[in-house]
Amino acid sequence: MTPKGEHPISVCLGTACYVRGAEKVLDELKRQLGINVGEVTPDGKFSLTCLRCVGACGLAPVIEVGEKVYGRMTPDRVKDVLAEYK
């Protein structure tokens, strides 16, 4: 078992999110964090997981950082969201 990071990030890969580009958002998160799904950054700040559905399909694609939900995510917005937690 791998411990969660200080700020766990979950990417919704449900149907609505997937169709609207969640996979590209996930790829950008992996690139910027330097980790894969199920891993924790070396500094312990972030961990990355995937979910099947967050229940916010109208805001797809969606990610959660801790308890906060970010809707209508794009790969371009990933950097700004991560900056809030650094």
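Lys30 comes out as partly exposed, with a relative accessible area of 25%; here buried means under 20% relative accessible area, exposed over 50%, and partly exposed in between (1.4 Å probe, protein chains only). This is a predicted model, where local features need pLDDT of at least 70, side-chain atom pairs count only at pLDDT 80 or more, and totals for chains, interfaces and linings use all residues. Residues are numbered from 1 along each chain as its sequence is written, and side-chain values use heavy atoms, with hydrogens and water left out.

The side chain of Lys30 meets that of Asp27 in a salt bridge, at 3.8 Å from N to O. The term stands for a side-chain nitrogen of Lys or Arg within 4 Å of a carboxyl oxygen of Asp or Glu. Asp27 is partly exposed too, at 41% relative accessibility. Both Lys30 and Asp27 sit in helix 2 (residues 22-33), 3 residues apart, which is about one turn of the helix. Helices (H or I, at least four residues) and strands (E, at least two) are DSSP runs, numbered from the N terminus.

Helix 2 also holds Arg31 and Glu28, again 3 residues apart and about one turn of the helix. Their side chains form a salt bridge at 2.8 Å, N to O. Side chains of opposite charge can pair when their charged atoms come close.

The structure holds 3 salt bridges, and one of them joins Glu84 and Lys68 at 3.7 Å, N to O. Glu84 lies in the segment after helix 3 (78-83) and Lys68 in strand 4 (residues 68-70), so this pair ties together parts that are 16 residues apart in sequence. Glu84 has a relative accessible area of 47% and is partly exposed; Lys68 is partly exposed as well, at 44%.

As for charge overall, the protein chain has 12 positive and 11 negative charges, and their mean positions are 4 Å apart. In that count Lys and Arg are positive and Asp and Glu negative, while His and the chain ends are not counted. Each charge is placed at NZ of Lys, CZ of Arg, CG of Asp or CD of Glu.

Over in strand 1 (residues 7-12) sits His7. His7 is buried, with a relative accessible area of 16%. Neighbours within four places in sequence aside, His7 is in contact with Lys45, Phe46, Ser47, Val65 and Tyr85, contact meaning heavy atoms within 4.5 Å.

Zooming out, the protein chain has 3 helices and 4 strands, running β-α-α-β-β-β-α from the N terminus on. Its radius of gyration is 12 Å, close to the 12 Å that the globule rule gives for 86 residues, so the chain is as compact as a globular protein of that length. That radius is taken over C-alpha atoms, and the rule is 2.2 Å times the number of residues to the power 0.38. Along its principal axes, the C-alpha trace spans about 35 × 25 × 20 Å.

Of the 86 residues, 41% count as buried. Among contacts with a separation of 6 or more, 59% come from residues 24 or more positions apart. The protein chain exposes about 5100 Å², with carbon and sulfur atoms supplying 51% of it; accessible areas come from the Shrake-Rupley method with a 1.4 Å probe, and for residues, only the protein chains shown count as cover.
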